[in-house]
Amino acid sequence: DYVMFHSEYIEFGDNLVKAKALDNRVGCSLLVELLKETKDISFYGVFTVMEEIGLVGAGPATYNVDPDISIILEGTLCYDIPKLDEHLIPTYLNKGPAISLVDRTTLYNRDFRKKIVKIAEENSISYQYRKTSMGGNDSGKIHTTKEGSITATISVPCRNIHSSTSVMSKADYNNTYKLLKTILDEYNKGEL
């Protein structure tokens, strides 16, 4: 018999959310919102499967779409707990979306990352860098399929990632959405 924890979505504390497995669910939620709200910009929104067990769905999806530029959306590690040395903390809650520098599967495009940071700064959107090389995401397949794709990963920091008690900040979620929407607007103007 399979057993699982029953975990409800709960809002608590200072604009925080507790829910099951926010890691990839938060990326899906952001993408759904972008697809619903973006009417005048052409882009592909792809939902992949089996990222956690080998990036299985990203390869075939990328091969089919063949993107020039890709932004991977997800939740990421956050253990901003008291008395932990700062260099061991990959991201913090309430400091904005986390922009990846490098991870186990990808060395991200520096110029694309600089453009994203510039967009955030020019639009007063808080952001932070994801300060760890642990883990990986769909970019590991996306940036190497066919001729490759320029990639960036923008994540929402989540405590207790991959658990039934994941925690994220609604402010981080909202700032991530705002950054993504602004990036799409810049793309539409031909600025990316």
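Helices and strands are DSSP runs, numbered from the N terminus, where a helix (H or I) has at least four residues and a strand (E) at least two.

Good morning. Before I continue, two remarks on the model. This is a predicted model, in which local features need pLDDT of at least 70 and side-chain atom pairs count only at pLDDT 80 or more, while totals for chains, interfaces and linings use all residues. Residues are numbered from 1 along each chain as its sequence is written, and side-chain values use heavy atoms, with hydrogens and water left out.

Let me stay with His-162. His-162 has a positive phi of about 65 degrees although it is not a glycine. Is His-162 buried or exposed? At 51% relative accessibility, His-162 counts as exposed. For these words, buried means under 20% relative accessible area, exposed means over 50%, and partly exposed is in between, with a 1.4 Å probe and protein chains only. Lys-83 is another residue with a positive phi of about 65 degrees that is not a glycine. Lys-83 sits in the loop between strand 3 and strand 4, and its relative accessibility of 87% counts as exposed.

I turn to the pockets. The search uses a 1 Å grid over the protein atoms alone; a pocket is an open set of points where a 1.4 Å probe fits, with protein on both sides within 12 Å along at least five of seven lines, and lining residues have an atom within 4 Å of a point. Grid points are joined across faces, edges and corners, and a volume is the space filled by probe spheres set on the points.

How much space lies in the largest pocket? The value is about 1000 Å³. The largest pocket is lined by 38 residues, and the closest to its centre are Tyr-44, Gly-45, Val-46, Ser-70 and Ile-71. The elements that give two or more residues to this lining are helix 1 (22–37), helix 2 (58–65), strand 3 (69–77) and helix 5 (170–188). Strand 3 gives the most, with six residues. By class, the lining of the largest pocket has 24 nonpolar, eight polar and six charged residues. Here Ala, Val, Leu, Ile, Met, Phe, Trp, Tyr, Cys and Pro count as nonpolar, Asp, Glu, Lys and Arg as charged, and the others, Gly among them, as polar.

The second largest pocket holds about 290 Å³ of space. Its lining has 22 residues, and those nearest the centre are Glu-51, Glu-52, Gly-135, Gly-136 and His-162. Strand 3 again gives the most to the lining of this second pocket, with four residues. The lining of the second largest pocket divides into five nonpolar, 10 polar and seven charged residues.

Next, the salt bridges. Side chains of opposite charge can pair when their charged atoms come close. A salt bridge is counted when a side-chain nitrogen of Lys or Arg is within 4 Å of a carboxyl oxygen of Asp or Glu. How many salt bridges does a search of the whole structure find? The search finds six, and I shall describe some of them.

One joins the side chains of Lys-146 and Asp-66, at 4.0 Å from N to O. Lys-146 lies in the loop between helix 4 (139–142) and strand 6 (150–159), and Asp-66 in the loop between helix 2 and strand 3, so the pair ties together parts that are 80 residues apart in sequence. Lys-146 is partly exposed at 40% relative accessibility, and Asp-66 is partly exposed at 34%.

Another joins Asp-80 and Arg-159, with the closest N and O atoms 2.7 Å apart. Because Asp-80 lies in the loop between strand 3 and strand 4 (98–100) and Arg-159 in strand 6, this pair ties together parts that are 79 residues apart in sequence. Asp-80 is buried, with a relative accessible area of 15%, whereas Arg-159 is partly exposed at 28%.

Lys-189 and Glu-186 also form a salt bridge, their closest N and O atoms being 3.2 Å apart. Lys-189 is exposed at 57% relative accessible area, while Glu-186 is buried at 18%.

Finally, Leu-184 is found in helix 5 and is buried, with a relative accessible area of 12%. Leu-184 and Ser-42 are 142 residues apart in sequence, and their C-alpha atoms are 9.2 Å apart in space. Thank you for your attention.
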